[in-house]
Amino acid sequence: MMSRIEQLIGEIEEYIDSCKFQPLSSTKILVNKEELEELLVELRLRIPDEIKQYQKIISNQEAIINEAHTQANAILADATAQTNELVNEHEIMQKAYAEANRVVEEAQQQAQAIVDSAAVDANSIRQGAIDYTDDMLRSLQTIMSHTMEESRRHLEAFNASLQSTYDIVTANRNELSAGVSNAPVAEEQAQPVAPAPAQEVSTEEK
């Protein structure tokens with residue numbers, strides 16, 4: 001059965017695949033920040049529950065081993081009871097001892113086989129849970145790495161665009177300041193020169 005984390009990872013991958021590419025780009029896409037953040041928040045909330053489930057599976061190995069020990073003890077107790085019954089029959093004392101030893105040996109072998117099998121099963125379950133959790137976290141790590149890299153690229157592009165606009169504004173202000181400082185000089189050069197006043201001629205000299 002697919003876990004919710006697997007479903008969320010699949011939904012994130014499907015969402016990324018469904019996003020449109022940026023104009024004039026075949027690698028950069030446009031994402032809905034709120035929608036992607038909702039998926040990531042749910043994924044972040046689900047991870048602890050999923051890991052607890054896998055930890056519970058791992059802890060079951062102790063129960064498996066305990067059950068194996070219980071079965072082994074039951075077999076040994078049954079073998080001991082059979083031995084006691086055989087020993088109590090004096091007519092077949094020697095045979096009873098031999099049979100008792102055989103039963104006890106077989107019981108010990110069966111008990112050891114059960115314990116060994118239980119340990120193998122418990123280790124297999126534990127390793128499977130660890131491998132699955134590691135694969136899940138690796139997929140999540142890859143998605144987060146791609147998301148962070150894409151965010152960094154968008155931020156660099158935005159900063160570059162902002163710097164370009166800032167440079168244009170600065171250049172416009174400089175041109176404006178230069179035009180204002182040169183305006184009075186131009187006005188003085190454009191003013192006409194007043195003619196000199198005419199001198200009066202004395203009538204006596206005539």
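Predicted model: local features only at pLDDT ≥ 70, side-chain atom pairs only at ≥ 80, totals over all residues.
Residues are numbered from 1 along each chain as its sequence is written, and side-chain values use heavy atoms, with hydrogens and water left out.

The protein chain holds three helices and zero strands, in the order α-α-α from the N terminus. Helices (H or I, at least four residues) and strands (E, at least two) are DSSP runs numbered from the N terminus. Of the 206 residues, 17% count as buried; buried means under 20% relative accessible area, exposed over 50%, and partly exposed in between (1.4 Å probe, protein chains only).

Helix α2 spans residues 33-87 and includes Glu38. Glu38 is exposed, at 56% relative accessible area. Further along helix α2 is Ile64, which is partly exposed at 28%. Ile64 touches Ala118 and Ile125, leaving out residues up to four places away in sequence; contact means heavy atoms within 4.5 Å. Ile64 also lies 9.7 Å from Ser117, C-alpha to C-alpha, although the two are 53 residues apart in sequence.

Helix α3 covers residues 93-190 and contains Glu150. Beyond its neighbours within four places in sequence, Glu150 is in contact with Lys28 and Ile29. Glu150 is buried yet has no salt bridge, and the nearest side chain of opposite charge, Arg153, is 4.2 Å away. A salt bridge requires a side-chain nitrogen of Lys or Arg within 4 Å of a carboxyl oxygen of Asp or Glu. For charge, Lys and Arg count as positive and Asp and Glu as negative; His and the chain ends are not counted.

The whole structure has seven salt bridges. One of them joins Arg102 to Glu106, with the closest N and O atoms 2.7 Å apart. Both residues lie in helix α3, four residues apart, about one turn of the helix. Arg102 is partly exposed at 36% relative accessibility, and Glu106 is partly exposed at 34%.

Elsewhere in the chain, Glu149 has salt bridges to Arg152, at 2.3 Å between the closest N and O atoms, and to Arg153, at 3.3 Å. Glu149 and Arg153 are separated by about one helical turn because they are four residues apart in helix α3. A network of salt bridges links Glu149, Arg152, Arg153 and Glu156.
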